[in-house]
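Student: I would like to learn how to read the features of a protein model. Could we go through one together?

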Amino acid sequence: MKIAGEATYVDKGGHRRTIAGIGSVSDGELESLKVSGSCTFDEIDCDDVKIEGECSGSSLSAKNATISGTLKVKTLKVEGKLNVSGSVHSDDLDAGEIVMESRGGSIGAIKCGRIKIFEHGGVEINGGFLSRFFGGSARSADSRVRIKSIDADEVNLQNCEVDVIKCKDAIIGSNCVIGTLNVEGSCEVADGSTVRETIRGGSST
């Protein structure tokens, strides 16, 4: 792993180290990793990851991850919760729970238990979303997160463009364009959002 900027990490032996400037860390297993600059890597397996800068690599596995910068990775696997207020570009994303602020980005396949993507400038309140904008609306087609497929138990989306969703319960909020929504249970679609095809129990509408 190559670092340009600042990074703090704890290896599996419990040794805490900091890189300021340009340095390198052997790819592999870490207890924690925080990157504030730029980082390139092949494969990382880490308990807790915080990315505030820009990182790119092949494979990242973590128990919990917080992304406030930019992450570009082919495969991203998070055992617990993935919090994103920056942007994620990934071909394959697998997580226990995802909470994401929509600032654009592209993701191939998402598989998780529970996913929430809310509009930039929105605030989560008691499991729902309240959108707020200062100085005009930030919503546009360019600001949407683009996702090829989502397979989850609970889906709650704003400001997204998704080809295919398969889930138990769905809330499709504002500024969404969905190709096919395959839902088993409850389903809500906000006015102004588009769902081209809805499949319930094998029948399409």
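Student: Is V78 buried or exposed?

Tutor: A residue is called buried under 20% relative accessible area, exposed over 50%, and partly exposed in between, with a 1.4 Å probe and protein chains only as cover. V78 has a relative accessible area of 2%, so V78 is buried. Before going on, note that this is a predicted model, where local features need pLDDT of at least 70, side-chain atom pairs count only at pLDDT 80 or more, and totals for chains, interfaces and linings use all residues. Residues are numbered from 1 along each chain as its sequence is written, and side-chain values use heavy atoms, leaving out hydrogens and water.

Student: Which residues does V78 touch?

Tutor: Contact means heavy atoms within 4.5 Å. Leaving aside residues up to four places away in sequence, V78 touches A62, K63, N64, A65, D94, A95 and G96. V78 and A62 are 16 residues apart in sequence, yet their C-alpha atoms are 4.9 Å apart in space.

Student: Where does V78 lie, and how many helices and strands does the chain have?

Tutor: Helices (H or I, at least four residues) and strands (E, at least two) are DSSP runs, numbered from the N terminus. V78 lies in strand β6, residues 70–84. The chain has zero helices and 16 strands.

Student: What share of the chain is buried?

Tutor: Of the 205 residues in the chain, 44% are buried.

Student: In which strand is D47 found, and which side chain does D47 join in a polar contact?

Tutor: A polar contact is a pair of N or O atoms within 3.5 Å; within protein, one must be able to donate a hydrogen and the other to accept it, and residues adjacent in sequence count only if both atoms are side-chain atoms. D47 is in strand β4, residues 38–51. The side chains of D47 and K12 are joined by a polar contact of 3.4 Å.

Student: How many salt bridges are there?

Tutor: A salt bridge is a side-chain nitrogen of Lys or Arg within 4 Å of a carboxyl oxygen of Asp or Glu. The count here is seven. One of them pairs R114 with E154, with the closest N and O atoms 3.6 Å apart. R114 lies in strand β8 (residues 106–119) and E154 in strand β11 (residues 145–157), so this pair ties together parts that are 40 residues apart in sequence. R114 is partly exposed at 28%, and E154 is partly exposed at 41%. E97, R114 and E154 are linked in a network of salt bridges.

Student: Which salt bridges does E161 form with R144 and R146?

Tutor: For R144 and E161, the closest N and O atoms of the salt bridge are 4.0 Å apart. R144 is in the loop between β10 (128–131) and β11, while E161 is in strand β12 (residues 160–172), 17 residues apart. The salt bridge between E161 and R146 has an N to O distance of 3.8 Å. R144 is buried at 13% relative accessibility, whereas E161 is partly exposed at 28%.
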